[in-house]
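Student: I would like to learn how to read a few features of a protein model. Please take them one at a time.

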Amino acid sequence: MEEMEEELKCPVCGSFYREPIILPCSHNICQACARNILVQTPESESPQSRRASGSGVSDYDYLDLDKMSLYSEADSGYGSYGGFASAPTTPCQKSPNGVRVFPPAMPPPATHLSPALAPVPRNSCITCPQCHRSLILDDRGLRGFPKNRVLEGVIDRYQQSKAAALKCQLCEKAPKEATVMCEQCDVFYCDPCRLRCHPPRGPLAKHRLVPPAQGRVSRRLSPRKVSTCTDHELENHSMYCVQCKMPVCYQCLEEGKHSSHEVKALGAMWKLHKSQLSQALNGLSDRAKEAKEFLVQLRNMVQQIQENSVEFEACLVAQCDALIDALNRRKAQLLARVNKEHEHKLKVVRDQISHCTVKLRQTTGLMEYCLEVIKENDPSGFLQISDALIRRVHLTEDQWGKGTLTPRMTTDFDLSLDNSPLLQSIHQLDFVQMKIPATPILQLEECCTHNNSATLSWKQPPLSTVPAEGYILELDDGNGGQFREVYVGKETMCTVDGLHFNSTYNARIKAFNKTGVSQYSKTLVLQTSEDTDSEEQTVPFPVPSERLPLRRMSPFSSTLNLQPSFPRRSYFDFRSSPHQLSLHSSLQSLNAPGCNFETQPAPYSQLVDIKKLLAVAWFAFDPGSAHSDIIFSNDNLTVTCSSYDDRVVLGKTGFSKGVHYWELTVDRYDNHPDPAFGVARNNVMKDVMLGKDDKAWAMYVDNNRSWFMHNNSHTNRTEGGITKGATIGVLLDLNRKTLTFFINDEQQGPIAFENVEGLFFPAVSLNRNVQVTLHTGLPVPDCYSSRASIA
């Protein structure tokens, strides 16, 4: 039961709940703590003034959280509220549980009444320290919230189970530990004293004997408090309103408050909800059992990885020693690589063990708490919390699904050493799986020009032993500018159309595989025909010897993502002929991570100058990697989420170089949630807001302002928010290693993040029915282009 203890502690004071009350959001709080975090609101926000103006419709009015914001420049935007422009602000504090709460705005007035009966300041509001929802109290104050009698009973039993053993009350010398208690005699007995003083015969045979702990609870709690109606304190709950999901008394029904609602007997609904909670716990119990078995499997994997590592290291050392002194220098490097793989595997498995352990502990605590709640005999109190518990149980069960109980790492070391190279190639010694392909060779005899088109052909070196998975062809702009990619694929011949007439171009080629990219070939210089009216001619490339040295310029690319594999996909639309491929400037789609050069059908566009050809990214959201709560539509371009918690969805395309820009329009935006937009790694956490971990870089925004967030660090609060119909732009410039955000075509704040490197996926986190639509294949905003040209 120790794992249940966190369920029994107040999020404000960190101690066991004392006289807990239930807030409308289903969370609990001590009555004294609730009074401590009350905040007085302006007269214009009071329920009385709202009802007087005809705008108020309920006893508890939720506030716009932004009206009470005290955020500093680096504030996160969570959990601290208080004050208005007319009142001095007070900094927030943290409870022992780490929850940020607001202290009293003013010292409480001296009073001799209990906390429950002391008057509440006029126009007070309270903010839930767990979900941060704010509401204004009505005239009843804190008395308007129901008492959680079930939770009090569970806490009493838990504390009793922790107390010291009870002693017999009839032992003459050293009292022995009591084994039973007689409810009628109200005496604790050990076994000898029970047989001597309380024999099971005669009138004593009808007495009821119970365990000592149960007897102490009965003695302390009898008579048990009965839950009463919050509107009619002298009336007990007797019925249950299905629409309002709350117990009611007969006087409530007589007053007509629930006249059009379905009302059922309290006892029947109590049994029904107990049954539903028990059924939900059965499924969660199975998940907990699977999790325990999975943890055993993971711990066994740690041992297997260690054993395989030792065996692999021994094999590697034996091979390296056989290559005499020339291989000793490489041996240390190879061992370091194996150790790195070893540590990586261990880290992944241990991280998964830690993650699953925390989840299992939380699950077990929730199960024990629910089982204790089921033992309660207070139908009214139980029904007050049963719906929330059932939802939590189902949500916790869902969190164990979708690959959670699947190992993220194998125990095998898929590395083998190739010890056959000649001595002169010893400096290239490496694992076979980590070799890059050789530099391709341009076949000059097959290269030619035709009008404003050019055909290039290449091949692998004759003695190359490492296969290439594809090739990347690059041309400059005809004026000696930057190189750009014009073809990516497996073919060894390509025709480029739409070049300038009477122009000189430079071309080069490189190969790639899962390990990496080869060096560039020698640069080839080609000349197109003089003009469009000239006779058709085929001109072999003039290749002066002084133009042949190897060039290693960094290529310009706004599309290519060089990741572990590039199978059979291209981001261009091609025409096939028996001997070559004709390249058009119609850009179709971009490569996604690992194996994502994708061709999508579209009509051929008119040929344009390659100088003006700019590759742009076309992609959609990825249902395969998204959280299960994300809902897709519009060919995976529109997403929404009805969950109250944040859920993350990634784009299908990953970027590692170039400049990329995409936009998202807000189709639905109610109740001022704070969606987040940005980029992330493919292993980002999917069940928290984007930017909470170190795998995402994001801007989260509400209806008034925005913040940048990475690794749960919040910076650069900027005024200006979003509404329905707003457009959020994301600009990822991997040439300058920066990430910038736009709202409605205006840059939002400064450059959000700098020094961003690696592979990034477009990402969004949504909750509370926010719906957005993705727009890709867009040019870089003019304001950014002009600043970039000036820089």
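Tutor: Start with the salt bridge, which is a side-chain nitrogen of Lys or Arg within 4 Å of a carboxyl oxygen of Asp or Glu. The structure holds 16 salt bridges. This is a predicted model, where local features need pLDDT of at least 70, side-chain atom pairs count only at pLDDT 80 or more, and totals for chains, interfaces and linings use all residues. Residues are numbered from 1 along each chain as its sequence is written, and side-chain values use heavy atoms, with hydrogens and water left out.

Student: Where do R149 and E152 lie relative to each other in helix α3?

Tutor: Helices (H or I, at least four residues) and strands (E, at least two) are DSSP runs, numbered from the N terminus. R149 and E152 are three residues apart in helix α3 (residues 149–162), so about one helical turn separates them. Their side chains form a salt bridge, at 3.2 Å from N to O.

Student: Is R149 buried or exposed?

Tutor: Buried means under 20% relative accessible area, exposed over 50%, and partly exposed in between (1.4 Å probe, protein chains only). R149 has 16% relative accessibility and therefore counts as buried. E152, at 18%, is buried too.

Student: Which residue forms a salt bridge with D351?

Tutor: The partner of D351 is K347, and their closest N and O atoms are 2.9 Å apart. Both residues belong to helix α8 (residues 328–374), four residues apart, about one turn of the helix. D351 is partly exposed because its relative accessibility is 37%, while K347 is exposed at 53%.

Student: How is the salt bridge of E372 and K375 to be read?

Tutor: The side chains of E372 and K375 meet at 3.1 Å, N to O. E372 is buried, with 9% relative accessibility, whereas K375 is exposed, with a relative accessible area of 51%.

Student: Where is R768 placed?

Tutor: R768 is in the loop between β38 (761–766) and β39 (771–775). R768 has a positive phi of about 50 degrees, although it is not a glycine. With 25% relative accessibility, R768 counts as partly exposed.
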